[in-house]
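Visitor: I am new to this structure. Could you walk me through how to read it?

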Amino acid sequence: MAKDFVGHAPMNAMMGWYEGAETKKDAVEYAKGFIQRRYTAQEASWYAVAPFMGGWLWEVHEGGPGRGYIGAAIDALTQNPDGKFWFPSADRAFQVMMRDGKPFGILLSKNESLPVMNSGQPSLIAATKMMPAVKKGTGVFLTGAALLGSAATFLVASMAFYAVSANPGPGLKAVDFSAMPHAQWPLVIDTHVEEIVSKLEMNGGKWNVEKRPHVIDGLKELREEGQKIMQRARDSVAPMPVEEEAPAAAGEQASSDAPASSDQPGAAGGSVPNPQGAAAPVQENMSPAERRRLAREQALRQMQQGAPAVAAPPAADAPTDTPDGGAQ
Amino acid sequence: MKARTAVGIVMMLASLPFYAGGGMLISATIDMKERQARQQAAVDEQCVKLLNTLPNASVANVEGAAVVVMRDVTDPRKALTDATVAALMCPGRTLEEVCLGDKCQGAQDTVALRFKLTGAN
């Protein structure tokens with residue numbers, strides 16, 4: 001225990017009572033002045049003051065951990081004013097007692113200290129926290145660190161606030177034109193005549209078409225009649241006999257004859273339908289396709305007039321083919 | 001001056017631009033939000049005005065959403081284009097529902113276009 005204590009003990013420790021001090025500041029200045037006058041290691045010195053009996057009790061240490069005996073001394077003197085108490089100051093003892101009704105402290109000599117230190121009376125306990133005589137700047141450092149830390153936190157938080165809350169503008173959203181209403185027309189453009197679109201609807205981003213049947217009175221009969229007409233038209237046109245291609249020379253000859261015949265009225269082109277329903281002349285220079293077309297027109301004309309369908313068109317070399325286009 | 005004191009003072013001074021920067025950011029963000037809110041309100045006001053100019057349109061505010069009903073539609077394709085134009089005229093809103101036909105809500109057996117624009121604050 002003693003070894004432990006020596007290791008942490010101050011090089012010098014003193015205690016006194018400043019009766020004339022009215023304020024704590026006076027007592028502190030007195031203690032600091034004592035340190036400046038008496039101690040060499042001022043930056044390692046400590047002081048503590050406490051009000052006691054109308055004045056201020058002060059304590060100073062040179063070195064040590066900065067734990068004082070002032071609190072223990074006040075307790076001891078208060079509880080036992082007649083007692084003598086001590087604490088170590090380097091290798092000597094500092095004795096505290098009441099003398100003439102006032103606190104009094106004395107640093108004993110080495111010779112006087114030994115009996116006190118070996119008397120078996122325990123030393124006062126160093127428990128009071130003391131203040132450094134010379135400020136090391138720890139308070140400023142800690143304050144600065146705290147301010148800087150809080151400022152950095154504030155800046156980061158404000159940046160996060162900016163990132164979350166600030167937008168460059170009332171955002172113009174990307175427009176998907178293929179999902180806009182006007183682009184949905186193809187969904188209904190192929191609606192059949194027998195259907196009605198009840199609704200073209202978008203809900204939750206999905207487009208749906210709802211249709212219902214469209215009933216048209218007489219449409220079925222009209223269709224059947226149309227089919228009959230078409231069938232009759234098909235039946236009335238007999239397949240053309242396949243004829244051999246005329247020799248090239250004959251074709252050229254026929255072509256050379258054609259302009260002469262075109263001077264005749266009603267023969268222009270050779271395929272103009274006859275207004276009287278008569279068959280158009282079939283010319284020698286007509287191709288098989290033109291002959292078939294001519295035959296179809298003739299059949300249709302006769303059907304419209306109620307005439308029996310022509311079974312077969314006249315042969316290409318029939319004598320009825322005249323260049324004047326007369327009906328046969 | 002002790003080193004700790006000097007470092008402490010430097011840290012205190014260094015914290016000032018941090019506080020200033022943070023304060024400016026917060027102030028700028030709040031300003032920007034207010035400006036955006038004003039712009040959005042102006043855009044939305046203009047949107048509702050323009051919706052009312054659509055042919056045969058009635059515009060109703062239903063829980064913050066603009067519900068537009070155009071009755072007696074004679075050109076369905078144009079009506080769909082009108083709905084697209086309306087959606088583009090209201091950039092602060094979202095086209096949530098569209099219905100064209102005589103079976104849409106509120107159509108009353110005539111071909112009607114009904115659409116809902118939500119999202120305005």
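This is a predicted model: local features need pLDDT of at least 70, side-chain atom pairs count only at pLDDT 80 or more; totals for chains, interfaces and linings use all residues.

Visitor: What share of the residues of chain B count as buried?

Guide: For burial, count the other C-beta atoms within 10 Å of a residue's own; 20 or more makes it buried. Chain B has 121 residues, and 32% of them reach that class.

Visitor: Now the two chains together. How many residues of chain A are in contact with chain B?

Guide: On chain A, 39 residues take part, and they meet 41 residues of chain B.

Visitor: Which elements of chain A supply at least two residues each to the side that touches chain B?

Guide: Look for α5, residues 138–165, and β10, residues 195–203. The largest share comes from α5(A), with 17 residues.

Visitor: What classes of residue does that side of chain A have?

Guide: Sort the side of chain A that touches chain B by class: 22 residues are nonpolar, 12 are polar and five are charged.

Visitor: Which strand of chain B does β10(A) pair with, and is the sense parallel or antiparallel?

Guide: Find β3 of chain B, residues 94–101. β10(A) and β3(B) run antiparallel, with five bridges between them. For one example, go to Met202(A): its bridge partner in β3(B) is Val98(B).

Visitor: Where is Asp100(A) found?

Guide: Look in the loop of chain A between β6, residues 92–99, and β7, residues 102–107.

Visitor: Why does Asp100(A) count as exposed?

Guide: The cut-off for exposed is 12 or fewer neighbours. Asp100(A) counts as exposed because it has 5 C-beta neighbours inside 10 Å.

Visitor: What about the phi of Asn56(B)?

Guide: Asn56(B) also is a residue other than glycine with a positive phi, near 55°. Asn56(B) lies in the loop of chain B between α1, residues 3–51, and β1, residues 57–62.

Visitor: Why does Asn56(B) count as partly exposed?

Guide: Count again. Asn56(B) has 14 C-beta neighbours inside 10 Å, so it counts as partly exposed. That class lies between the cut-offs for exposed and buried.

Definitions and conventions
Residues are numbered from 1 along each chain as its sequence is written. Chains are lettered from A and ligands numbered from 1 in the order in which they are written. Two residues are in contact if their C-beta atoms, placed from the backbone, lie within 7 Å. Helices (H or I, at least four residues) and strands (E, at least two) are DSSP runs, numbered from the N terminus. Ala, Val, Leu, Ile, Met, Phe, Trp, Tyr, Cys and Pro count as nonpolar, Asp, Glu, Lys and Arg as charged, and the others, Gly among them, as polar. Two strands pair if DSSP finds at least two bridges between them.
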